[in-house]
Amino acid sequence: IPRAGKQSVWDKKWTVLTSDGVIRFYDSNETGQSAVDEFSLIPDDGSVHLSTGVAATELPRTASSDLPFIVRLDHVVESVLDPERNLYLMMNSFETKQTWVVAIETTLSQQNTDTWNNCVLGNTILSLDSSNKLEMNCSFLLSDQLVLFGCEEGLFMFELLSSHSSPTPLTQFSDPVHRIRQCSHSHTIILLSGVKHQLVFVTESQLISHGPPAARDDGIGVVCDVVTGCHLFECVTLCDIVYICVATTDKVVILTYDELTMTCSVTKEFAVREPCSCMAVQGSDVIIGTDKYYHIDLHCMTITELLDKTDKNLAFAIYGSGRMKCRPLDVFIVSCDTQQTELLLCFQEFGVFVSMKGCASRSDNIPWSRIPHSFALHCGMLYVVHSNAVDIIQVTPTTADNTIRYHASVDIQSPYYLGPAVSAGAVYVTQCNRQTNTIDVLCMCGNPPDHPSQLTVDHPSQLTVDHPSQLTV
């Protein structure tokens, strides 16, 4: 374990996990010794979270070759984001680490979580067995009853209130569909589809009329040949002009879209050092994340670095991101009132709140409990997707006393975020259910005690996954 006050120095301890769920540390394995320290996995207040991956920024003075052998335990108290205490353990081998991880996870699964059984709401809306599995990339709500699933196998439509057990393929869209968006103030839906990763324009009426039960093989939609190799895009309407911001491996392209002819033209191109990992649009402002966060002004068609280098509160985010390889992962518009637009920038290690001018808007940041894979923000609920769990964090307005009032976590096997669900703040997430060998689509939503959520079409109930007892707060 790290020596007190010196994380670059590690003390070797004889460590024992006892049957009462307490890890005790001894100076040696001689009998009759008293423990020099202990850490309870089943605390009376709050809960404990295990992180099997530790980033270099957490232990900057520890050799990078030692990081794979380290785990972190966080004791989190109800309604408090920062851990009451965290503990790092370095094992002498991968085999030892695996043994300890299994033992700790087994103990954590036995926690009495009856108090928190309603902190996450949701249900399984769809389960696909081996005969009709789909590799889903995204989802899009056509209405309160119809949802589109963009899959590697094509585009599929699913009726939420139907008795059908599987989505219906739209046979005219058999190419992979990677992303779905709708033009604001328009009925045009944009698909990122095909092996060339091109934009395809289609209207809502065309999708619904070609959907079940009247699916036909005649092609619909207009393919945009102006840009290929897209992996990310967003659209916005500004002064009656539809702009589409498209990211490729080496540039960001601003397109102007004509709804009457369903065609687009290139307005501006910006070269980027690294592929764009995220994008958010608000009015004439476009925020992208590559090697850094950048701001694009659609009025002037200019690009500048977003973060203010003179803001001391952002020094670690600005300079540490390059030195510690802490890259931008996502960006969200938290609020867009007339006073100030607030952004949430999600790095690999933490989330930071800034204004559109790039200055820190809050004194406290959001540290992630584990290494995140993806994020989603809906109605104040931030979903942080990890390799085997989803954290749900309620992001409060800037006027609140604390940034975080609610933090829940639920264990899910290989979760993958698809898109927003019908109910406010709810999302669709897939899981690979190894017990039943199925791909399940879950509708889940945070349920803060002081502001309970209301699921409507998505079958309101407590979230039912493989181990409901693993709902923790």
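1. Two strands pair if DSSP finds at least two bridges between them. Helices (H or I, at least four residues) and strands (E, at least two) are DSSP runs, numbered from the N terminus. On these terms, isoleucine 70 stands opposite methionine 90 in β8. Strand β7 (residues 70-76) and β8 run antiparallel and are joined by six bridges.

2. Basis of the note. This is a predicted model, in which local features need pLDDT of at least 70 and side-chain atom pairs count only at pLDDT 80 or more, while totals for chains, interfaces and linings use all residues. Residues are numbered from 1 along each chain as its sequence is written, and side-chain values use heavy atoms, with hydrogens and water left out.

3. Overall make-up. The chain holds three helices and 36 strands. Of its 473 residues, 52% count as buried; buried means under 20% relative accessible area, exposed over 50%, and partly exposed in between (1.4 Å probe, protein chains only). Contact means heavy atoms within 4.5 Å. Among contacts in the chain with a separation of 6 or more, 48% come from residues 24 or more positions apart.

4. The sheet around β7. Three strands form an open sheet in the order β6-β7-β8, with antiparallel pairing. Its edge strands are β6 (47-51) and β8 (85-90), and each pairs on one side only. The twist averages 20° from one strand to the next. Axes here are lines fitted to C-alpha atoms, for helices over the stretch in contact, and angles run from 0 to 180 degrees between N-to-C directions.

5. Strand β19 in detail. Is β19 enclosed or open? Six of the seven residues of strand β19 (residues 241-247) are buried, so the strand is largely enclosed by the rest of the structure. Seven bridges tie strand β18 (residues 232-238) to β19, antiparallel. Cysteine 235 has isoleucine 244 in β19 as its bridge partner, and phenylalanine 233 has valine 246. On to β20 (residues 251-258): six bridges join this strand to β19, again antiparallel. Valine 246 stands opposite valine 253 in β20.

6. The turns. β18 and β19 form a hairpin with two residues between them. Cysteine 239, in that turn, has a positive phi of about 55°. The hairpin from β19 to β20 runs through three residues.

7. Nonpolar cores. A nonpolar core is a set of buried Ala, Val, Leu, Ile, Met, Phe, Trp, Tyr and Cys residues joined through side-chain atoms within 4.5 Å. The largest has 36 residues, and those with the most contacts inside it are Met136, Phe149, Tyr383, Tyr428 and Met444. Strand β36 (residues 438-446) gives the largest share of this core, six residues. Another core, of 19 residues, lies apart from it; Leu238, Tyr243, Val272 and Cys276 are among its members.

8. Methionine 136. Not counting residues up to four places away in sequence, methionine 136 touches Leu126, Leu128, Phe149, Gly150, Cys151, Tyr416, Leu418, Thr430 and Val441.

9. Aromatic pairs. Rings of Phe, Tyr and Trp (its six-membered ring) pair if their centres lie within 6.5 Å; planes under 30 degrees apart count as stacked, over 60 as edge-to-face and the rest as tilted. A search of the whole structure finds six such pairs. One of them, phenylalanine 149 with phenylalanine 158, is tilted, at 6.3 Å centre to centre and 40° between the planes. Phenylalanine 149 counts as buried because its relative accessibility is 0%. Phenylalanine 158 is buried too, with a relative accessible area of 4%.

10. The Tyr293 site. Tyrosine 293 and phenylalanine 347 pair edge-to-face, 5.3 Å centre to centre, with 85° between the planes. This pair links distant parts of the chain: tyrosine 293 is in strand β24 (residues 293-297) and phenylalanine 347 in strand β27 (residues 341-347), 54 residues apart. Tyrosine 293 is buried, at 3% relative accessible area. Phenylalanine 347 counts as buried at 1% relative accessibility. Tyr293, Phe347 and Phe350 form one aromatic cluster.

11. A charge over a ring. The term applies if NZ of Lys or CZ of Arg is within 6 Å of the ring centre and within 35 degrees of the ring normal. The charged end of arginine 362 sits over the ring of phenylalanine 353, 4.1 Å from its centre.
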